[in-house]
Amino acid sequence: MPTAHQLPVADRDVLLLSPHLDDAWLSAAALIQSGECEIWTVFAGRPAPAQQTAWDIASGFADSDATMAARLAEDQAAFHGLEHRVRRLPYLDAAYAEPPLRREQAAAVREDLTVWAVEHPHGVIAVPVGAGVHVEQAAWERARERLRQPVAPSEAAAAPATQDPATQDPATQDPGETAPAAADHRHLAGTFVRKAMHADHQRRRRKAQRRGMAANPDHLLVRDAAIAVAGTTSTVDVLAWEDLPYLWHARGAARVPGLERAHGLSAERFEVEVDVAEKFVRLANYASQLEVLDPQRGRLADPAGLPSTETYWMLRRNS
C-alpha cells in the first residue's frame, strides 16, 4: 500500500485547504504526516455580533463566540509541536453567513488562492472532493444545464469554475442579471429570484439529509475556488481528498466524473496509508466536534473506527 510520500507532490509546494477547524486532520492526515504542506483553515472567522445556531447548541456552546474560541483552541492543540505553517483565515462558516456575504467570501477565497498560485507557480492545492449525499437537482437546474452552451477551452480557463450542479447552492452564485445601468426593478427581481432559488435548494438539501450527511457547502466552495484558480494557470494542480465523515454516507468517487466533465480534467486516484494512531491522538483535540459529526456510531472517538487509508485524486487539465 503506498504512503503519502508517494503522492505526486514531491518537490512541489503544497497548500492544504481545510474548510473548518478539524477537516485537515479528519481527511488529509496522511498529507500532513508527509510533512509536505502548509495548512490554511478557510472558515475560522467569528461573526460580529455573535450568533446562535443549531450547530453551536449541538456542540455544547451558547453562541458563535464560545464555539469559535473553543474550536480555535482545539485546532492549536491539534497542531502543537508540528513545524507546518498553519494559517487561519477570517471567513465565516456557512451557518453564520447570509448569501450576499457568501458570494463576497467566495470571491475573496479565490483572490487569496490566486496570490498563492502566483507565489508558488508549480504548486498543488489540496481540497475536499465533496463527498456526501447527493442533493437532487431541480427541474429548472436541469433545464439550465441543457441550455448552457459549451465553452471553448481558452475561455473556460479564464472563467470561474462552475460548481458541482448536484450540490451547489444557487444563493452563492452571482447570476450577473443586472448591469450597473439596469433599472431598480430588475435588481429587485434578481434578488427575489436568488432568494427563491436558495429556499428551494435548502428544501432539497433537507430532503437529502434524511438519507445521510449532504455534501458540505463550505467544502464545495473551497473546492470550486481552487479549481477556478488552477484553471487560470497551466502549472498549478488540484489534489482532492475524500472528506470524512461524509464519505460514510456517500463516497467521493461519485463526484469525480462530474468534476472531470465540467472542468476538462483527468483524475488519478491514490489510496494511501495513514498513521491511524497519530491521527486519532490529533483528532482527540477536537472534542467539541467528534460526537456531533458521527452521533449514532461514535467512530471518530475510537481508533478502530478510523479508516486505515485515505483516498486522494490528482486532478490535472486535459492537454
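**A walk through the fold**

What you're looking at is a predicted model, where local features need pLDDT of at least 70, side-chain atom pairs count only at pLDDT 80 or more, and totals for chains use all residues. Residues are numbered from 1 along each chain as its sequence is written, and side-chain values use heavy atoms, with hydrogens and water left out.

Overall, the protein has twelve helices and seven strands (DSSP runs: H or I of at least four residues for helices, E of at least two for strands, numbered from the N terminus). Of its 319 residues, 50% count as buried, meaning under 20% relative accessible area, while exposed means over 50%.

Now zoom in on helix H11, residues 276-283. Its buried residues are Val-276, Lys-279, Arg-282 and Leu-283. They sit on the same side of H11 because they cover an arc of only 125 degrees around the axis, taken from the directions from the helix axis to the C-beta atoms. Ala-277 and Val-281, on the other side of H11, are exposed. What do the buried residues of H11 pack against? Their partners are helices H1, H2, H4 and H12, plus strand S7 (contact means heavy atoms within 4.5 Å).

A cis peptide bond joins Ala-48 and Pro-49, and Pro-49 is in the loop between strand S2 and helix H3. The bond from Leu-244 to Pro-245 is cis too. Asp-11 isn't a glycine, yet its phi is positive, about 65 degrees; at 83% relative accessibility, Asp-11 counts as exposed.

Methods: Buried means under 20% relative accessible area, exposed over 50%, partly exposed in between (1.4 Å probe, protein chains only).
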